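Subject: Structure for your review

Dear colleague,

Here is the structure I said I would pass on. My notes follow below it.

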Amino acid sequence: MSRRDFVAVIFFAVVAVFLIFGALKMHPFGPVEGQDGFDAEMDDHIINNAQEETGASNTVTSVVFDYRGFDTLGEATVLFTAVAGVILVFRRLKK
Amino acid sequence: MIYNIPFIAVAALILIGLYTVIFKRNLIKIVIGITLIESGVNLFLITLGFRKDSVAPIFTSNPDVSQTMSLPVPQALTLTSIVIGVAVLALMLSFIVYIYRHYKTLDVRKVVGGDDE
Amino acid sequence: MALAEFFNSLINSLDTGSGFWNPLVWGFALLIVFLVIYILRGAGKTSYKKGTEQTKPFLSGNPETSKESMHVKGENVYWGFVKSMKFIYDRFEKMHNGNVSDYILWFVIIMGIFFLVLGVI
Amino acid sequence: MSGMSKIVKTISNIAFPFVMIYGLYIIAHGHLTPGGGFQGGAVVASACAMILVAYGSVWTMGKIKEKRLSILESVGAISFIVLAFLGIFIITEGVFFKNFLANTNLMFGTTVAFQSTAANINTAGVIPLMNFAVGLKVIAGLFAIVLVMAYATSKIKEGKTK
Amino acid sequence: MNDIISFISAHLPAFVVAVPLLGAFLTPLVSRIGDKSRNIFAIIITGLTSIFALLLANDVFTNGIRTYVFGGDYATGQTMVRILFEIDAMNAFMLIIAAILPFAAIVYSWGFMKEQTGLDKYYTLILLMTAGMLGMMMTGDMFNFFVFLEITSIASAALIAFWTNKGNAVAAAFKYIVISSIGALFVLFAIALYYGQYNALNMAVIADSIPVEMGFVDKIALVLLLAALAMKAAIAPMHMWLADAYGRAPSSVTVVLIGTTLASLYAGFRVIFTIHGNQLEQALNSWTIFGYEFSISLANMVGILLVALAVLSIFIGVFMALKQVDLKKMIAYTAVAEIGYMLLAVGAAIAVMGGDLEATAGYTALKGGIFHILNDALDIGLLFLVAGAVYYTAKQTSINKLGGLARNMKYTTVFFLIGLFAVSGLPPMNGFASKLMIYESTFQINPILSIVAILCSILLLAVFVKVFYSVFLGPKLPKFATAKEVPISMLIAMGIIACIIIFIGLFPDIVLQNVVTPAANALNDASSYIAAITGGI
């Protein structure tokens, strides 16, 4: 076991311990409204007003394309970027 | 405590991914580790969206709209994150193709990219 | 009016806590110094003629070598400093192997240190 | 890579239209049922990838060039961002990404109350149009990625790398 | 006419990001027409973006914080469900950098990239990099920041691998995308932690809802954000990707890469000062040893950590730069040292932050550090452009094989001298003003810091004197007998940056009073940033 692996194991264990303790300190999975410090204000606002504001019966689509439509533009841009990058990497170098 | 099993699974996925990136030698395995971290984060996002005995937030021919619905925003974020992960994966794999073309190996200790050879 | 304020602000000097810094004052001082140096230079030796033996490079009688070999390579500049700092440079060379797993390992190490400092203390 | 056996080609020929119709259905009903532009586009792109696997990348590259695909993708992206820009320019007091068709009884403009609705496709304003734009973009993009990578690696396998 | 101006100024934050995106989407179509039209189109789009960014910055500096909500109207205090851009003086300060660098890069590429293939994708990606950088600098929404971070990372990685016939370029690109994707994933993890705790994605709302007594999950999110953004900002010992990426990418790409790195650094400052600004005074823990009461606040702890990393960055950057034989890698390690200077000043400011910052020397340190961000972007950018010009002429960047280029390339030599003076902190260039502020303020905080800073600055001067000697001076080598001056477009690009450097160097007080001090104040008080969204704390 080299020195590098020794140091790696030690700090990896530190990170692991903290992440798992953080997972235990989160609010319980599947919380109930109002209990254990959980209040879904933003999402309840979306669920109650999505149909009047956007007319979409699918709330997730109304979030994707209306409430957070700018993220969707960025996401489409990411795909566009990846295509451009792959075509650039596999291009022909000679004219 | 016992309710947080999904969060512990998320932490475990992320740690397995980090382990793969740090201790494995093959470039393909490093990419697999990155996708493991990404799937862990996606699982965390979609886990946060669940509420106790809730249904999907869709009103089309929904029998009872008064029952609690799961949160819609984390599902949208997960969709975005998945598409971004696909893009990153495609680019990394095409880089690996070129690296193998140049170095004739996939060992991370040999792909160091020193000064001009 | 605004123009006057602008020109006033041009000559303001930068306040750096305890001191100040004004490039225009500095440039004026530099001009004076150059003037003094020019005067001193004018008082120097005047029997210097171009195109004579005085301007030829004199390598203690040896013939002049080629341009390539006369140019000191960039790697050889400061070789003494690099040699004396070898104990540091060995560490750094070991640190800078282009291994991407080690880059991520450094990230994990820094993250662990931050966790220990901010979480435990 | 070269193509596969005749059985595979026939089966993929038969399965291709069904997969494509299903993907288009997912794109078109994105604002009513689970799914949307990305998911349906991924389904259609997987159908194209199936054709690519069955017939081989060289044949497919002979049929359609990746330059055409990138043009198609930029057309989808431009239509998406233009729909976003129209939110500024069409209506007064509009902002970027304003849903300027919702609840105006124009195209896709039927007003919906907070209720369990029957599937009415004529709702949700610009969201179906954005679904189609993103679907076009995702189809072209994913198929371009798969096609280019398969073509380049097949050329590596045959030895003529440069 | 007048209402058109008011219309544009009303939608400026959207235009600043949407115009380069539209240009990037249009580039494949425009490049069907011809190469010249494509180059002109790219220059027009970038110039328009720079003009919009500067107009927005001017508006913010005069009228205060601007917010722009996408897809709907928003009244202060109601539930924040939509994405919004929030631009205060600090964002406006970063916008100035993002307005200068990509324009110079695009103008430079006209001559620099003439012989290359795949240029339509090149221009597309560099416009996407610009859009992502601007979005990172302006957004007020955490997840939106992550999306722009990924856009920037993917475009940068594809452009770093531009010269695919060199194996080390592709290897550098692979390292960069591994680093940036892991960093971005941890940023997303922290964002998800915030979301799960407070059910909000808006920076101001999160900062408002984090309790002053931080919980364990908040600490974990803070650590993840700090570590990931520090890696993205190339702070030692997580800086190794930067040497590869900067050294292997084409110079015109490297200039934009500098902007993206500084955008990540800005995001780290935003996390510390704004999102956790209320908890900075909070005491992490307190012991009583021998009756003495010791107590360390979060500000002390984070500041000490940042200062330690900064000193390490300066040290490693300078020492490695002294040993490199490749010109671009040498400048890259210098960039690491310069980032260390900024972090040193701002970290010292955080460490002494208690009560009002204006009273202490930390205020000068904060101003100096923010001022140095602008100077570093300009200086390192100019040096990389000069290195690209050397590569364009001599087709190599190894300083062992170069020499005597000053006889062929006079203007390039002058530009290199300007960059040398600026980056090594010699008067009267702009680097001296900010470095002087950093030295004096850190001397009042802790003398050792300023001693280290001054010594390493002297070593930086030594590094660049060596480069100047071995690349530009010396006898005229026969193999460069036919070397010519670079094309006019590259000279124009270098001249733009050089003129700005000389202006800031000659009149530093104008920039300090009108740009840097408002940015420092905006970064220092988080309450107004939060109050612009939530309507009071």
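Buried here means under 20% relative accessible area, with exposed over 50% and partly exposed in between (1.4 Å probe, protein chains only).

Two points on conventions. This is a predicted model, in which local features need pLDDT of at least 70 and side-chain atom pairs count only at pLDDT 80 or more, while totals for chains, interfaces and linings use all residues. Residues are numbered from 1 along each chain as its sequence is written, chains are lettered from A and ligands numbered from 1 in the order in which they are written, and side-chain values use heavy atoms, leaving out hydrogens and water.

Helix α6 of chain E covers residues 142-160; helices (H or I, at least four residues) and strands (E, at least two) are DSSP runs, numbered from the N terminus. From first C-alpha to last the helix reaches 27 Å, close to the 27 Å expected, the expected span being 1.5 Å times one less than the number of residues. Its N-terminal end is capped by E:D141, with a side-chain oxygen 3.2 Å from the backbone nitrogen of E:F143.

Next, the interfaces. Of the nine pairs of chains in contact (heavy atoms within 4.5 Å), chains C and E share the most contacts. Chain C contributes 47 residues and chain E 68. The area buried between them is about 5,500 Å², 80% of it from carbon and sulfur atoms; buried area is the accessible area (1.4 Å probe) that two parts lose on being put together, summed over both.

The rule finds one salt bridge across this interface, between the side chains of E:K323 and C:E93 at 3.9 Å, N to O. The criterion is a side-chain nitrogen of Lys or Arg within 4 Å of a carboxyl oxygen of Asp or Glu. On the side of chain C that touches chain E, α6(C) gives the largest share, 13 residues.

C:D102 lies in that helix, α6 of chain C. At 12% relative accessibility, C:D102 counts as buried. Leaving aside residues up to four places away in sequence, C:D102 touches A:R4 and C:N97.

By contrast, chain C and chain D do not touch, and their nearest C-alpha atoms are 24 Å apart.

Regards

Methods:
A polar contact is a pair of N or O atoms within 3.5 Å; within protein, one must be able to donate a hydrogen and the other to accept it, and residues adjacent in sequence count only if both atoms are side-chain atoms.
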